[in-house]
There are 2 protein chains.
Amino acid sequence: MERILVIEDDLKVQRALRRLFEPEGYTVEVAEDGLAGMQAFKLLPPALVILDLNLPKMTGRDVCQEIKKTASSVPIIVLSAASDVLDKVLLLELGADDYVTKPFSPRELLARARVALRRTVKPSAADSFSFDEVTINFPKMEVVRSGAEIQLTSQEFRTAKFLIENSERVISREELLNEVWGYQNYPTTRTVDNHILKLRQKLEKDPANPVHFRTVHGAGYKFVP
Amino acid sequence: MERILVIEDDLKVQRALRRLFEPEGYTVEVAEDGLAGMQAFKLLPPALVILDLNLPKMTGRDVCQEIKKTASSVPIIVLSAASDVLDKVLLLELGADDYVTKPFSPRELLARARVALRRTVKPSAADSFSFDEVTINFPKMEVVRSGAEIQLTSQEFRTAKFLIENSERVISREELLNEVWGYQNYPTTRTVDNHILKLRQKLEKDPANPVHFRTVHGAGYKFVP
DNA sequence: TAAGTTTTTGACAAATTCTTGACATCAGGC
DNA sequence: GCCTGATGTCAAGAATTTGTCAAAAACTTA
């Protein structure tokens, strides 16, 4: 079960967040001030941090910075009383992932939390991933199929990794280009097709009838374990 | 659908921004220079402006100031080359809401755009939706009916999604064409009928007597859960 | 620089989906 | 109840999307 750490001293808001997230299946932990928040975070990093800006003992800004130093991948959503432009820019620079001003709409916060959680990837749980006779080791960037090593190029590897990290979800070519290729060189969407083709040839039992790297006609591709 | 106005003369960046925002459901309009940008803005103010600082005909700084004079509520994100000497505070005083230096990470820009658009919050959507024996999973683009998977084409899927997101409300064929099909390709209203037909055949218990995908004679269709 | 590798592009065929128009049927106004 | 326009339904053709290959371009490495 995914844990959410709420760093917030206002009791009312604490309760509201509990009521919002617990029915959705999240475990909510609450810290009353910045110091306690950092301690709780270090003890066992949660999947998401919801952070109030005005805190006793340690300001939200410091907590944000500190957390991003420790484990940069954990997303942070900042709560603040007033929309202050300078704060917004600073916070995003400090590493906050999103920003919500109080009073917030519960549905909006929930939606933002989902987005933030979806962005974080979970290969931290396992260094490698297997399907059929194929085993992919992410840190080693190695792929073994039926005992023999298979060579993937770096782009193929990144493509496979992103699809696997987002298993089951339909990914458009555009999203793949954004996430795997990045901004500087922006090729055609056909490039994606070709990489999928290569992945199928190298990893699927029957490349002509792919089971794992599936096409969703008119939408994109999705990986099914 | 929310519209984003991009004022930017670099073709590469234009394409990148298009591919970044369009999959997220935004409509992207591009203006090549400052003057054209201001004209486009006045014609129909968008939900967000992404503004390059170095522009032909009218500098980004002037555009920024001008826009804020016209409609101060529309957020502006400024793009600037890394080499530019940039006084953040000055820029923010001119009315910009946020700034990003090139080359930017797509993810970061998207996150900042979301923050900027916060004021016009879209209703948050759940991952899945059920009625009768039918369950629709949106990110997976999967439909299961009585335990068996049902294949929807991408257009059918988008149509169903839009109707469900607007449950109970009567949607005209024109609105469906605008929202689901988009501006560029504009088929006959009969096309909508055909897609509704397919949805009924695939999702209704008795397609001849639809309970959920209802016709509102003379007005359009509406989804009833 | 040159050889080798990887990435990107474009062409074409194949697969799938979308659109259209014809005709049947239905709802609502008179 | 009849008439008119709106909707249901079907299937053929149009259009789009994807698979696949090979060559060009870009990048690496020696």
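What percentage of the 225 residues in chain A is buried? Buried residues account for 31%, a residue being buried if 20 or more other C-beta atoms, placed from the backbone, lie within 10 Å of its own. This is a predicted model, in which local features need pLDDT of at least 70, side-chain atom pairs count only at pLDDT 80 or more, and totals for chains, interfaces and linings use all residues. Residues are numbered from 1 along each chain as its sequence is written, while chains are lettered from A and ligands numbered from 1 in the order in which they are written.

**View 1. Secondary structure of chain A.** Chain A contains eight helices and 11 strands; helices (H or I, at least four residues) and strands (E, at least two) are DSSP runs, numbered from the N terminus.

**View 2. The surface near DNA strand D.** A residue counts as near the strand if its C-beta atom, placed from the backbone, lies within 6 Å of it. There are 23 residues around DNA strand D, and those that come nearest are A:Asp193, A:Ala208, A:Thr215, B:Asp193 and B:Thr215. Helix H8 (189-203) of chain A and helix H8 (189-203) of chain B each supply at least two residues of this surface.

View 3. Strands S7 (residues 134-137) and S8 (residues 142-145) of chain B pair antiparallel over four bridges; pairing requires at least two DSSP bridges between two strands. B:Asn137 lies opposite B:Glu142. Four residues separate the strands, and B:Met141 in the turn has a positive phi of about 55°.

**View 4. The hairpin of S8(B) and S9(B).** Strand S9 (residues 148-150) of chain B runs antiparallel to S8(B), joined by three bridges. B:Val143 has B:Ile150 as its bridge partner. Two residues lie between these strands, and B:Ser146 in the turn has a positive phi of about 50°.

How values were computed
A residue is buried if 20 or more other C-beta atoms lie within 10 Å of its own, exposed if 12 or fewer, and partly exposed in between; C-beta atoms are placed from the backbone.
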